[in-house]
Amino acid sequence: MKSTQHLLPSFFLIIFLSLLTFSGFCQLQNVNNLPDISFNGKFIITPQNSGFRAISENGLYNVKYEIAEVSDENRKLTHVQLYKNEQRLYSLPSVPGADVYVSNSGCMAVLDMNLHFMQKLTIHFFDNKGESLFSEAFEYASLFGFSPSGKRFVVGTDKNLHVILIEENKIIKLKPASEFAFSEDETYLATARESDLTIYKNGKEINSINTGLFYPRGLAVDAGNNKVWIIGKQKIKAYQIENGSLFYEDELSEDFSFRDLIIKNDMIYSGIHYKYNGISKGIIRTYNSSGQIITEEVKATKSFQQFEKKPASSKSSKYNAIPWPFVPFDEVHKVWNHYEQHMGDGSGDWAYLHQGLDLEVPINEPTYAVEEGWVKLVLTIGGASYWRLAISPEQTSGYSDGWLYAHLVESSIMVDVGDYVEVHDYLGDIIYWSDDWGHIHFVNIHDQGNIWYYDDDEWGINFNPLLALDPITDEVAPVIENFSSSSKFGICINESSTFLNPGNVYGDIDIIAKISDFHGDSEWEQPAFKTYYWLTKLPANDTVFPKTLGQILNHSYEMYNSTFFTYYAPVLYYKDYLHPSPPWMNTSRDYYQILTNNNGDSIIEISESALAFETTNYTDGDYRLFVEAWDEFGNMDVDSMTVTFNNGIYTNTQSIVVSKKAGLYPNPCHDVVVIEASFVGDQKISLSIYNLEMQEFFNKEINPDSFKNGNYTINTNFLKSGIYLIELSNDENFYSNKLVKL
């Protein structure tokens, strides 16, 4: 059956919708428990009491809680209370989670994001008396919800759709999906992923249908009439459950899109979004089980500000310049957490790197697109507080890059996968993170496909967003603070907690700088974006180690994975129990940035944690160590301190450095020996050859420039075959020797 009924063309739209709203042109049937609809076309359940944080689908159960502590991606919930209607059933002092779902039977699922940086989510289940039932852990979860009875809870990951049978504490694993819906009696479960629609009966697959709807947006199962309904962006279809035949389809006109779908009392209700010229309307269209359109009514309206689509400004950067995602677009907004910032709880037990830029904004702050492109992702990784979307300028089945906007109010998100947006288009509002403020997690990501899923082998992180945001007008320079009361910088034995006095430095060392930075008027302390260091020899102050990149907080990561964020943290930052990773909510934070864990380039590798500054390459004496710290805005601070190397390497002229052990080849030989070495300076070197009884057979003073390309050749045909010691030295110092067979 093909419907011929369509919404009116867009040029009649505003007048038509006004008539719908105010004249009662269409009347919606009064149906018990029919949810409200948002201005974006998504069905929502609005609590009667504004103090409620979560509500069941039937509106019977409500949850209150307070937010005690927050981090970049986690929250602590306290004073958690479950209500049935207005009657409180129980109260818990705290629950181990950051967000809550509540079922139609009063069961509560608490989503624990404590290990979010490892892509792990633990769900704790409580019954309607507040008793803990059990917990289950998942990786890469991005789809959630209770069944109508509340006896099942669904978790979708990259590998499976998990159906948790709560009363039995049992999990059924099905094919991965991006949408799911139960029949009212829960006999049937329908799932969709791209154009594949799968139908299960009592947990067993009975049908698989190719719908042609590559971007499915909602499902509904009508078991009584043997039909499953599915919506794409502008199409709605119905299939027979048992044989999979197409029963009905309809299509919307331009400027309208399907966003949601439910079934109540044998009626099918579709949530439709209309967006045109700064106006957004949520419309409910009602179908009967035969597919006939019964009513259509505008239920929610919102006007949003529109802006001139200005081209990106020119910027001296390899990254395309983008505006800030909030109004005003041409001003720096408050930075809460920096890209690759050292994160932890302040205990010193563990740490990780923050992979994105957190901007602190008011609750419900409108968010706008910074770049035009295709919506590739709309999902949550942990409940209402974790909704996010991503937009890429490319629509390809291969890899592409795009901007991720996280922590949006689901009922305000104006786009869905497959939509196209332009610069400054309104995307949605920022959800509350604490009771007083919200934030956006903003970063450029790398993924594969026309649709981006929360996968374990994709979703890479590209670069520091502050290098693309424009303008960046901050004038506050980083400050290099004292590492301790007795030392400007920290000097420790490589990969240890043994710190050295600057007046007695030896061996392979790590150089650590404590650096503080603030962006504009933000009270949140940040690490330095980029550091350099170099070394001069006193008293002449000649440079003996050139200016070298210490670290730069602009590394890319091929996937969003804890292997990078936890194990890479000690490459960039020093941490022990006396110098713990800074706690999230302290505005004053201590960043101990390691300068020597880098081979001089801008690529980070875990193996670089073993790198060190080798003081044995330098003669003993006094040196001046310089450190330079920059932010992304071009502000810089430099400081220095005197260090004394003490490795037992002495020289009056302090001009000879042996950078390579003396070597001999070929071996054995009878006529010619080639010695490899390199030197700095013009002091003469003594070359000697001894036998094992230390009898000297050869001695000659050689100028360093006699070593052609680092090699010096001597004729040894006067020696008998045997084992000899070849030594390089001057009058006071031994440099290198080697036993050779001649």
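**View 1. Strand E24 gives the most to the lining of the second largest pocket, with three residues.** The model is predicted: local features need pLDDT of at least 70, side-chain atom pairs count only at pLDDT 80 or more, and totals for chains, interfaces and linings use all residues. Residues are numbered from 1 along each chain as its sequence is written, and side-chain values use heavy atoms, with hydrogens and water left out. Strands are DSSP runs of E, at least two residues long, numbered from the N terminus. Strand E23 (256-264) and strand E24 (267-276) each supply at least two lining residues. The lining has 23 residues, of which Asp255, Lys275, Tyr276, Tyr420 and Asp425 lie nearest the pocket centre. A pocket is found on a 1 Å grid over the protein atoms alone, as an open set of points where a 1.4 Å probe fits, with protein on both sides within 12 Å along at least five of seven lines; lining residues have an atom within 4 Å of a point. The volume is about 500 Å³, taken as the space filled by probe spheres set on the points, which are joined across faces, edges and corners. By class, the lining has seven nonpolar, nine polar and seven charged residues. Here Ala, Val, Leu, Ile, Met, Phe, Trp, Tyr, Cys and Pro count as nonpolar, Asp, Glu, Lys and Arg as charged, and the others, Gly among them, as polar.

View 2. A salt bridge is a side-chain nitrogen of Lys or Arg within 4 Å of a carboxyl oxygen of Asp or Glu. A network of salt bridges links Arg217, Lys233, Arg259, Asp416 and Asp419.

**View 3. Glu73 forms a salt bridge with Arg388.** The closest N and O atoms lie 3.9 Å apart. Glu73 is in the loop between strands E4 (61-70) and E5 (75-84) and Arg388 is in strand E33 (residues 387-392), so the pair ties together parts that are 315 residues apart in sequence. Glu73 and Arg388 are buried.

**View 4. Asp250 forms a salt bridge with Arg285.** Their closest N and O atoms are 3.0 Å apart. Asp250 belongs to strand E22 (residues 246-251) and Arg285 to strand E25 (residues 279-287), 35 residues apart. Both are buried.

**View 5. Four strands form an open antiparallel sheet in the order E11-E12-E13-E14.** Strands E11 (143-146) and E14 (170-174) are the edges, each pairing on one side only. Two strands pair if DSSP finds at least two bridges between them. Five bridges join strand E13 (residues 161-165) to E14. His162 stands opposite Lys173 in E14. In the loop between E13 and E14 lies Asn169. Asn169 has a positive phi of about 50° although it is not a glycine. Its relative accessibility is 41%, so Asn169 counts as partly exposed.

**View 6. The peptide bond from Val327 to Pro328 is cis.** Its omega is near -5°. Pro328 lies in the loop between strands E26 (293-303) and E27 (335-337). A cis peptide bond also joins Asp470 and Pro471, with omega about 5°. Most peptide bonds are trans.

Note on methods: Buried < 20%, exposed > 50% of the residue type's maximum accessible area, 1.4 Å probe, protein only.
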